[in-house]
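Reader: Before going into particulars, I would like to go through this model step by step, beginning with the whole chain and ending with single residues. Could you take my questions in that order?

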Amino acid sequence: MFPTTIAGSLPKPPWLAEPGKLWAAWRPAGAELEAAKLDATLVAIKLQEDAGIDIVTDGEQSRQHFVHGFLEAVNGIDFTKRVEMGIRNDRYKAMVPTVTGQLSLKGRVHACEAHFARAHTAKKLKFTLPGPMTIVDTIADGYYGDRIKMALAFADVLNQEALALQADGVDVIQFDEPAFNVYMDAATDWGIEALHRAAAGLTCTTAIHICYGYGIPANVEWKATLGAAWRQYERVFPALAKSRIGQISLECRNSKVPIELLKLLDGKDVLIGVVDVATETIETPEEVAALIGKALPYVPRERIIPCTNCGMAPMRSDIAAAKLTALGAGARLARERFG
């Protein structure tokens with residue numbers, strides 16, 4: 001009961017990339033970089049195992065960014081043609097590459113780190129991929145001329161990699177879609193359709209992570225404008241409950257998402273964010289267990305998976321490690337208390 005996992009990313013060691021940055025440049029290069037990425041992956045797995053995390057990830061150690069780490073392996077994208085673009089409905093600006101031709105995979109995207117992670121843990125392994133809607137919100141379009149058409153094209157290449165990851169022995173494939181709580185109408189109109197296309201043919205567990213973003217200043221400032229109750233999910237949860245995706249991941253710790261909205265996800269496993277990634281305050285096991293208890297009236301206990309609110313990539317490594325320990329200990333306490 002209450003198996004634990006994380007949203008996906010962990011901080012990178014300082015010998016791999018500059019700490020505290022989402023778009024930090026790699027410090028090693030060439031063959032040394034590739035070896036360092038795998039070393040960091042092993043550290044990330046061990047960190048999770050030591051903390052008592054039940055469903056581990058590679059910590060996204062081989063990716064500079066959760067979206068662009070995938071895009072680097074896609075034909076039809078020009079990384080030399082970067083333009084400044086507003087991300088998440090112009091919440092913040094970023095220099096992004098441009099789609100200049102028909103999309104296709106150059107080959108496998110994450111085979112190396114997936115094989116490595118699978119070989120180095122006996123626990124269930126989750127692997128994360130960016131969702132189609134979030135990709136089109138994080139790249140410039142110089143070819144398709146239509147967001148939906150481009151999203152479906154990205155869904156096809158995502159599906160190709162997802163099926164290969166399943167064959168690699170990955171137990172859970174999660175699509176990260178923070179754009180789902182920014183463009184709520186689009187999420188229900190075509191976002192879920194694109195997600196289904198990305199997940200077509202998968203027999204492993206599938207998940208979608210939707211959230212209010214990393215704990216970076218632009219997101220923190222935006223959340224301060226959302227009022228006393230964040231009800232954005234009320235518009236997408238019913239559609240997600242009817243979807244073919246098995247798990248829904250969202251934040252609850254220190255968020256203003258009304259806990260009763262979880263009942264709208266009836267029939268789904270719910271990855272409840274019980275660890276806040278936007279603060280350096282370390283949760284206590286008691287606080288983690290208490291929040292799990294608050295979800296019990298709305299989600300069956302066998303469907304609750306305690307998780308982090310979002311990725312931990314920009315955090316200090318020591319704080320991230322302490323938060324993971326609190327997550328594992330809090331889930332154990334909840335099993336004793338509510339079992």
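**From the whole chain to single residues**

Author: In this predicted model, residues 24 or more positions apart account for 76% of the contacts in the protein with a separation of 6 or more.

Reader: How many helices and strands does the secondary structure of the protein come to, and what radius of gyration goes with its 339 residues?

Author: The secondary structure comprises ten helices and ten strands, and the C-alpha trace spans about 55 × 45 × 40 Å along its principal axes. For 339 residues the globule rule gives 20 Å, and the value for the protein is close to that, so it is as compact as a globular protein of that length. The radius of gyration itself is 19 Å.

Reader: What percentage of the residues of the protein count as buried?

Author: A residue is called buried when its relative accessible area is under 20%. Applied to the 339 residues of the protein, this gives a buried share of 59%.

Reader: How are helix 5 and helix 6 oriented to each other, roughly parallel or roughly antiparallel?

Author: Helix 5, residues 147-167, packs with helix 6, residues 184-198, with the two axes 7 Å apart and at an angle of about 25°. Angles under 35 degrees count as roughly parallel, and the crossing of helix 5 and helix 6 is right-handed. The orientation of helix 5 and helix 6 is therefore roughly parallel.

Reader: Into how many nonpolar, polar and charged residues does the contact of helix 5 with helix 6 divide?

Author: On the side of helix 5 the contact is made by R147, I148, A151, L152, A155, D156, L158, N159 and A162, and on the side of helix 6 by W190, E193, A194, R197 and A198. Sorted by type, the residues of this contact are nine nonpolar, one polar and four charged.

Reader: Which residues of helix 10 make the contact with helix 1?

Author: Helix 10, residues 317-338, packs with helix 1 at an angle of about 35°, their axes being 8 Å apart. From helix 1 the contact takes L47, Q48 and A51, and the residues of the contact as a whole divide into four nonpolar, three polar and one charged. Those on helix 10 are A321, L324, T325, G328 and R332.

Reader: Against which elements do the buried residues of helix 3 pack?

Author: Helix 3 covers residues 111-119, and its buried residues are A111, E113, A114, F116 and A117. The elements against which these buried residues pack are helix 1, strand 4 and helix 5.

Reader: Does E177 count as buried or exposed, and which residues is E177 in contact with, leaving aside its neighbours within four places in sequence?

Author: E177 is found in the loop between strand 6 and helix 6, and at 0% relative accessibility it counts as buried. Leaving aside neighbours within four places in sequence, the contacts of E177 are G131, P132, M133, T134, L195, I208, H209 and I210.

Reader: Which residues is Q232 in contact with, again leaving aside its neighbours within four places in sequence?

Author: Q232 lies in the loop between helix 7 and helix 8, where its relative accessibility of 14% makes it count as buried. Leaving aside neighbours within four places in sequence, Q232 is in contact with N181, M184, Y212 and L226.

Methods:
Residues numbered from 1 in each chain as written. Predicted model: local features only at pLDDT ≥ 70, side-chain atom pairs only at ≥ 80, totals over all residues. Heavy atoms only, no water. Axes fitted to C-alpha atoms, helices over the stretch in contact; angles between N-to-C directions. Helix = DSSP H or I, 4+ residues; strand = E, 2+ residues; numbered from the N terminus. Parallel < 35°, antiparallel > 145°, perpendicular 65-115°, else oblique. Left-handed = near helix turned anticlockwise from the far one by under 90°. Contact = heavy atoms within 4.5 Å. Nonpolar A, V, L, I, M, F, W, Y, C, P; charged D, E, K, R; others polar. Rg over C-alpha atoms; globule rule 2.2 N^0.38 Å. Buried < 20%, exposed > 50% of the residue type's maximum accessible area, 1.4 Å probe, protein only.
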